[in-house]
Amino acid sequence: MKTLARLIAEKLLAIKAVKLQPQQPFTWASGWKSPIYCDNRKTLSYPEIRSAIRTGLTSTILQQFGKVDCIAGVATGAIAQGALVADLLGVPFIYVRSAPKDHGMGNQIEGYFEKGWNVVVVEDLVSTGKSSLQAVDALRAADINVMGMVAIFTYLFPQSAEAFAKAGVELYTLSNYEELIATALENKYIQDSDVEVLKQWRHDPENWMK
């Protein structure tokens, strides 16, 4: 029987939410060259996949954290996913901007919440962990108890693992880079010769191809 991580990886590849191009790398906004591009927002356009992700994230929260007072989504990619999970759990939903607004009330956290609430953060994608943990910092600054984080996918960067450990945040994901590569190879999205290139990139993405 296939694991959830393998099933989610198959779905992401099938709808091209994840694209692998070891020979024609993408350029990220950071300037990094990358053989992979991930856009989990595409999953929202496919009801069956959207439902599978919503159910997977919700089940993970219940299994790992138990009862929560609220779900917090990280803007902008995880707003819809977080709202779907909160709806299934029957709890309030809030979302966290990357920075406070420069107008109006100047909010960084949008929606109603109370100090001391137990909250799980929903993220769509974890790369270095920087933006994800900035959302955690904002919630903690508002006296919200962050129980942990769930996400659809992680690249499994070493610096990400270090950052989450240092911040004291438990992270659980539906799928990850290793499962994705194994699935892509099995389904012939890539060749055997591509695997080593993809592994090298994951271990030092900032300097890959320099």
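Me: At what angle do the axes of helix 1 and helix 6 cross, and within what distance do they come?

Reply: In this predicted model, the axes of helix 1 and helix 6 (residues 177-186) cross at roughly 65 degrees and come within 9 Å. The crossing in which helix 1 passes helix 6 is right-handed.

Me: Which residues make the contact of helix 1 with helix 6?

Reply: Helix 1 contributes A5, R6, A9, E10 and L13, and helix 6 contributes E179, L180, A182, T183, A184 and E186. Sorted by class, the residues of this contact are 6 nonpolar, 1 polar and 4 charged.

Me: Why are helix 1 and helix 2 called roughly antiparallel?

Reply: Helix 1 (residues 4-14) and helix 2 (residues 47-64) pack at an angle of about 150 degrees, with 11 Å between their axes. Angles over 145 degrees count as roughly antiparallel, and helix 1 and helix 2 are therefore described in that way. Their crossing is left-handed. The contact is formed by L4, I8 and K11 from helix 1, together with E48, I49, A52, I53 and G56 from helix 2. By class, that contact holds 5 nonpolar, 1 polar and 2 charged residues.

Me: How many residues line the largest pocket, and which are the closest to its centre?

Reply: The largest pocket holds about 780 Å³ of space. Its lining consists of 26 residues, of which W28, A29, L125, S127 and S131 are the closest to the centre. Strand 4 (36-38), strand 8 (118-126) and helix 4 (130-141) are the elements that each give two or more residues to this lining, and helix 4 gives the most, with 4 residues.

Me: What classes of residue make up the lining of the largest pocket?

Reply: The lining of the largest pocket comprises 11 nonpolar, 9 polar and 6 charged residues.

Me: What is the omega of the peptide bond from A75 to T76, and where is T76 found?

Reply: The peptide bond from A75 to T76 has an omega near -5 degrees and is cis. T76 is found in the loop between strand 5 (70-74) and helix 3 (79-89). Most peptide bonds are trans.

Me: What is the phi of D143, and where does D143 lie?

Reply: D143 has a phi of about 65 degrees, a positive value in a residue that is not a glycine. D143 lies in the loop between helix 4 and strand 9 (145-154). Most residues other than glycine have a negative phi.

Technical notes
Residues numbered from 1 in each chain as written. Predicted model: local features only at pLDDT ≥ 70, side-chain atom pairs only at ≥ 80, totals over all residues. Heavy atoms only, no water. 1 Å grid on protein atoms, 1.4 Å probe; cavity = no way out; pocket = protein on both sides within 12 Å on 5 of 7 lines; lining within 4 Å. Points joined across faces, edges and corners; volume = space filled by probe spheres on them. Nonpolar A, V, L, I, M, F, W, Y, C, P; charged D, E, K, R; others polar. Axes fitted to C-alpha atoms, helices over the stretch in contact; angles between N-to-C directions. Parallel < 35°, antiparallel > 145°, perpendicular 65-115°, else oblique. Left-handed = near helix turned anticlockwise from the far one by under 90°. Contact = heavy atoms within 4.5 Å.
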